[in-house]
Amino acid sequence: MITLDESTLIAYVDGELDAGTVRLVESKLNTDQNATQYVEQLREIAALSRIAFNDTLHEAVPQALKDVILRHSIQDSTAPNSNVVSLAPRAKNDWKIALPMAAAVAFLFLGLGGGYQYSKSTTENALKLASLTLKQDQSAMTIALNQALEVNMSGDVQTWTNPDTHRSASFTPVRTYQDKTGAFCREYKKELVMAGQAETTFGLACRNDQGQWNTRYIIQDNSNSQSF
Amino acid sequence: MDLRTQQEMVAILPRLRRFALGLTRNEASADDLVQAACEKAINRIDQWEPGSRLDSWMFRIIQTTNIDQLRSQQRQDAHLGVVKHQTEQSFDGERAVEASLTLDSVRRAIHTLPDEQRAVVMLVSVEGLSYKEASNVLEIPMGTLTSRLVRARTALARILKEQDGDLTIANTNNVSPLGKGVRS
C-alpha cells in the first residue's frame, strides 16, 4: 500500500514515478483533499519557478561570452587537415556574397549613380532584380512579423531568412497590453540583417479587427548596431 | 572541439546563464561563472563523451566551479572573521505589475534557500532534468537529491504562503492574445 507522503507527491509532480505507482497515487488523491491541494500547490510552484527564471532565456547572451567559445578554432576530428572544414560560424564568405547585393541595394537607395562605368543594361537589370527581391523580402518580413505578433508568446522569437539575398530578420514580441479602445498592442524587437549589417529596432504594433498588426512607431537602437 | 559541439555550446548558453544565475543570484557573477565554466569545458572537451548530454556535463562544470569559488571566497571571508550569508534580493524590480511581483517573490523565495537546495530546484524545476540526471550533475546519491528536493519544496511552499496566499498570474504580459484566448 502506498502512503501519500511529501516525497511521493513531489516525485509524482516531477513525473518520476512509474505508471503503476502513478495510478495508485491518483486513486488515493481522489479521496484525499489535503494531498490534492498539496499537489496543486507543488505544480503551481514548479510552474512559477520556471517562469520566474525565464527572463534569462530570452535576453541576449553577452557577445563576450559567445566569443569565449567562438574564438576557439574548430578542429574536425574526422579530417586530418582542419583547413578543409573551416566553417567558422561567422563565415567571412558572407561578405563576398553579400557585397554585390549590398552594392545593388545601395544604388537603389542612393538614387542612380550616373558616373558608374557599368553598361546600362547590366545596371538596370541589377537594379530591377534588387528592387524586386527587396520588395519580396519586405512583404515576407511583414508576414513574419504579423505571425510573430499574432501567435508568439512574449519573448519567443520568430525568425525569417532568405538565403538567396542573405537577408534575415527575427521578431520578438516583448510586451503585450490593450490600448484605450481595447485593441491589443504589442511591443516588439526586430533584428534585421541586410547586406551584412545588423540593425535592431523596437516597434509598437496594434491589432485591428482583421488580425492585421499595424506598426505605430519604431525606435532604432543605435547602440547595438554592428557589422558582420 | 568540432563545429557541432561548438554550435551546441553557444546554443545552450542561455540555459547555462539561467542555471548560473540561480546559483549566484547575481547577473554579473553568473556571467563570470559561465565564462569560467566554458573555458574549462573547452580545455577538457576530450573528457566529454560525444552523444551524451552536453548541457548536463556543463551544468556539472558550472556547479563544481561555483563550489570552488565559494570555498575560496569563504576562506577570504573567514580571514575577516565574517561569513557572508545569502546576499538575497538582488532583483530591483519595478513593482508595477502583479505578475512580476509574484514572479519576483518566487525568485526571492528560491534565493533564500540554502545553496545545495537551490541547485536542486534550478535543475529539476527550472531546467526540467530528471532526478537521475540532476543527481549526476550534482554528484550526489538519489536519496540525497530527493530529500533536498523535499526540503526545498516544503520551504518554498511555506515562504510563498506566508508572503501571499494568492499566486495567480494576472496580467497579459506573457500571454499571446490569441494563443491563450484571453481576448475580451
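**Exercises: chain contact and helix packing**

The contact takes 54 residues from chain A and 53 residues from chain B, where contact means heavy atoms within 4.5 Å. This is a predicted model, in which local features need pLDDT of at least 70, side-chain atom pairs count only at pLDDT 80 or more, and totals for chains, interfaces and linings use all residues. Residues are numbered from 1 along each chain as its sequence is written, chains are lettered from A in the order in which they are written, and side-chain values use heavy atoms, with hydrogens and water left out.

**Exercise 1.** State how many salt bridges join chain A and chain B, and describe one.

*Solution.*
- A salt bridge is a side-chain nitrogen of Lys or Arg within 4 Å of a carboxyl oxygen of Asp or Glu.
- The count between chain A and chain B is 3.
- One pairs B:Glu39 with A:Arg71, at 3.3 Å from N to O.

**Exercise 2.** Classify the packing of helix H2 (residues 13-24) and helix H6 (residues 115-126) of chain B.

*Solution.*
- The angle is about 150 degrees and the axes are 9 Å apart.
- H2(B) is therefore roughly antiparallel to H6(B), as angles over 145 degrees count as such.
- From H2(B), B:Arg18, B:Phe19, B:Gly22 and B:Leu23 meet residues of H6(B) including B:Met122.
- By class, this contact has 6 nonpolar, 1 polar and 2 charged residues.

**Exercise 3.** Classify the packing of helix H1 (residues 6-13) and helix H3 (residues 33-52) of chain A.

*Solution.*
- The angle is about 50 degrees, with the axes 10 Å apart.
- H1(A) is therefore oblique to H3(A).
- Among the residues that meet are A:Leu9 in H1(A) and A:Leu42 in H3(A).

Notes. Axes are lines fitted to C-alpha atoms, for helices over the stretch in contact, and angles run from 0 to 180 degrees between N-to-C directions. Helices (H or I, at least four residues) and strands (E, at least two) are DSSP runs, numbered from the N terminus. Angles under 35 degrees count as roughly parallel, over 145 as roughly antiparallel, 65 to 115 as roughly perpendicular and the rest as oblique. Ala, Val, Leu, Ile, Met, Phe, Trp, Tyr, Cys and Pro count as nonpolar, Asp, Glu, Lys and Arg as charged, and the others, Gly among them, as polar.
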